[in-house]
Amino acid sequence: MIAITGATGQLGQQVIESLLQKTDANNLVALVRNPAKAEALKALGVDVREADYDRPETLVPALKGVEKLLLISANEVGRRVPQHQAVIEAAKAAGVGLLAYTSILKADTSPMLMANEHKVTEALIQDSSIPAVILRNGWYSENYTQSIGAILQVGAVNGAARDGRFHTATRKDYAEAAAVVLTTENQAGKVYELAGDTGFTLAEFADALAKKTGQTIGYNNMKGEEFAALLVQIGLPQLFAEALADSEVQAAEGWLADDSKTLSTLIGRPTTPFNESIAAVL
């Protein structure tokens, strides 16, 4: 059986949708914090089990009979290491045969604050001796398209990436890659650097949005600390805001760019162009 953590999350749901194109529902286990929110998965025939990162006692029973496990990185910045460690320890205790983990692009060398917890998690996985495959996902296109409504209201894209390029792909693209890896043999020991086929600057993103809407939209480049303060002002937690702002500052140095086309090779098709992602939201 193949189990997916965070199965009701935005990426987890799409991974399950992709897996259902490759295997029967009775081969899948959805690991969720609140099973009541996974009725749609149950209706598809997927085995839904409670698995709470913060309640380790739920994890080993949830992994009974699981051969392959996809650990989708938790979303609580600053708390992910102990949460991931609990899952890794449970996977080892349960005898999981392959652990796949969604890390971040260039995690082993990246200076991004957002990479720190991923580096530690990758080390924990290696120390566990569980056969593992690392999926180093680049930025999601949705990181920017989800803000289109606000951008149209203020008439500008705010950021701190200067002319750095973002090789983004959609969650669906990354989900398909995870499904391919989980249903392909001989994956242990592999590390995939995954990103979109082509990149864009935030100025190009603003220009594309302007052309599609007919509005005047520019790119407002800010200092990292100024952008972090803006993110806090609109409601993001301080730690998360600082990490996001830092990610843009590091993107200016190329840390979110990758033109290897490893992702498109893995899924057997081009990644979704950011123009298409914009059009889908509009």
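This is a predicted model: local features need pLDDT of at least 70, side-chain atom pairs count only at pLDDT 80 or more; totals for chains, interfaces and linings use all residues.

User: What box do the C-alpha atoms fill?

Analyst: Roughly 55 × 35 × 35 Å, along the principal axes.

User: And what share of the residues is buried?

Analyst: Buried residues account for 52% of the 282.

User: What about contacts across the sequence? How many join residues at least 24 apart?

Analyst: Take the contacts between residues at least 6 apart in sequence. Of these, 75% join residues at least 24 apart.

User: On to packing. At what angle do helix 4 and helix 5 cross?

Analyst: Roughly 20 degrees, and their axes come within 10 Å. Helix 4 covers residues 80–94 and helix 5 covers residues 116–128. An angle under 35 degrees counts as roughly parallel, so helix 4 is roughly parallel to helix 5.

User: Left-handed or right-handed crossing?

Analyst: Helix 4 passes helix 5 in a right-handed crossing.

User: Which residues make that contact?

Analyst: From helix 4, Arg80, Val81, His84, Gln85, Ile88 and Lys92. From helix 5, Glu117, His118, Val120, Thr121, Leu124, Ile125 and Ser128. By class, the contact of helix 4 with helix 5 has five nonpolar, five polar and three charged residues.

User: Now helix 9 and helix 13. How far apart are the axes?

Analyst: The axes are 11 Å apart, at an angle of about 45 degrees. Helix 9 is residues 202–213 and helix 13 is residues 274–281. The two helices are therefore oblique to each other. Helix 9 passes helix 13 in a right-handed crossing.

User: What meets what there?

Analyst: Helix 9 brings Glu204, Phe205, Ala208, Leu209 and Lys212. They meet Phe274, Asn275, Ile278 and Ala279 of helix 13. By class, the contact of helix 9 with helix 13 has six nonpolar, one polar and two charged residues.

User: Last one, Ser18. Buried or exposed?

Analyst: Ser18 is buried, because its relative accessible area is 10%, and buried means under 20%. Ser18 lies in helix 1, residues 10–19.

User: What does Ser18 touch?

Analyst: Leaving out residues up to four places away in sequence, Ser18 touches Ala175, Glu176 and Ala179.

Key:
Residues are numbered from 1 along each chain as its sequence is written. Side-chain values use heavy atoms; hydrogens and water are left out. Axes are lines fitted to C-alpha atoms, for helices over the stretch in contact, and angles run from 0 to 180 degrees between N-to-C directions. Helices (H or I, at least four residues) and strands (E, at least two) are DSSP runs, numbered from the N terminus. Angles under 35 degrees count as roughly parallel, over 145 as roughly antiparallel, 65 to 115 as roughly perpendicular and the rest as oblique. A crossing is left-handed if the near helix is turned anticlockwise from the far one by less than a right angle, and right-handed if clockwise. Contact means heavy atoms within 4.5 Å. Ala, Val, Leu, Ile, Met, Phe, Trp, Tyr, Cys and Pro count as nonpolar, Asp, Glu, Lys and Arg as charged, and the others, Gly among them, as polar. Buried means under 20% relative accessible area, exposed over 50%, partly exposed in between (1.4 Å probe, protein chains only).
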